[in-house]
Amino acid sequence: RKIWSKGSTDSVGLKNYYEQHKTEYMWEERIDASIYTCKDTKTAKAVRKMASKHASTESILAKFNKDSLELVTVKSGLYMTGQDSNIDKMNKQTGIGEDILNADGTITFVQINKIVPPTPKTLDEARGYVISAYQDQLEKEWIAELHKKYPVAINEKVFNSMVH
């Protein structure tokens, strides 16, 4: 109760622990990028032109995906090195990469918006790790409290009789 239950239910204590240790729970450098997949070369050229003018992904999708046609898909997010080979090929250079011809005839290209420096994870993003570390701290504090309350005394005569 003093460790396992408290560690996962004591939201105030957990939040305080996180605030004191948040630099221990960091994201590595990440890449803010959008991966565009277009139905054909003509569409890719038009999408690339809009993207180069910093049009939002929403406006691009609205322009090309009318009447239930899906000419363009976009996957935007923060990517770490190694998560997407097409992003990795751009060597963290902001801008728009080369067209990539996919096996199904679609065209993909990557737009790197910015490089995001290492930042602390939020409490929600690091919750499992924070709970575990908080429980470790609670256990150490409880053991120290028990040692103060119940000092350990070793009866040397009995101890030595057990060693033989």
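Predicted model: local features only at pLDDT ≥ 70, side-chain atom pairs only at ≥ 80, totals over all residues.

Reader: Okay, let me try it out. Is N91 buried or exposed?

Author: N91 has 58% relative accessibility, so it counts as exposed. You'll find N91 in the loop between α5 (85-88) and β3.

Reader: And what does the cut-off make of K92?

Author: K92 has a relative accessible area of 38%, so it is partly exposed. K92 also sits in the loop between α5 and β3.

Reader: What should I look for in the backbone of that loop?

Author: Most residues other than glycine have a negative phi. Here, N91 is not a glycine, yet its phi is positive, about 50°. K92, another residue other than glycine, has a positive phi near 60°.

Reader: Now a helix residue. Where is T57, and is T57 buried or exposed?

Author: T57 belongs to helix α4 (residues 57-64). Its relative accessibility is 17%, so T57 counts as buried.

Reader: Which residues is T57 in contact with, leaving aside its neighbours within four places in sequence?

Author: With those neighbours set aside, T57 is in contact with S34, Y36, V74 and S76.

Reader: Let's step back. How do I read the overall layout?

Author: List the elements, then follow their order. This chain has seven helices and five strands. Along the sequence the pattern is α-α-β-α-α-β-α-β-β-β-α-α.

Reader: Which strands pair with β5?

Author: To read pairing, look at the bridges and the direction. Strand β1 (residues 30-38) runs antiparallel to β5, and nine bridges join them. Strand β3 (residues 95-96) is antiparallel to β5 too, with two bridges. Strand β4 (residues 100-101) also pairs with β5 in the antiparallel sense, over two bridges.

Reader: How many residues lie between β4 and β5 in their hairpin?

Author: Five residues lie between them, and G105 in that turn has a positive phi of about 90°.

Reader: How many residues of β5 are buried?

Author: Seven of the ten residues in β5 (residues 107-116) are buried, so take that strand as mostly covered. Across the chain, buried residues make up 29% of the 164 residues.

Reader: What radius of gyration does the chain have?

Author: Compare it with a reference globule. A compact globule of 164 residues would have a value near 15 Å, but this chain has 28 Å. Along its principal axes, the C-alpha trace spans about 90 × 40 × 30 Å.

Reader: How do I read the contacts along the sequence?

Author: Ask how far apart the partners are in sequence. Among contacts with a separation of 6 or more, 70% are between residues 24 or more positions apart.

Reader: And the surface and charges?

Author: The chain exposes about 11,500 Å², and carbon and sulfur atoms supply 54% of that. As for charges, there are 24 positive and 22 negative ones, and their mean positions are 3 Å apart.

Conventions
Residues numbered from 1 in each chain as written. Heavy atoms only, no water. Buried < 20%, exposed > 50% of the residue type's maximum accessible area, 1.4 Å probe, protein only. Helix = DSSP H or I, 4+ residues; strand = E, 2+ residues; numbered from the N terminus. Pairing = 2+ DSSP bridges. Rg over C-alpha atoms; globule rule 2.2 N^0.38 Å. Contact = heavy atoms within 4.5 Å. Areas by Shrake-Rupley, 256 points an atom, 1.4 Å probe, with all protein chains shown as cover. Lys, Arg positive; Asp, Glu negative; His and termini not counted. Charge placed at Lys NZ, Arg CZ, Asp CG, Glu CD.
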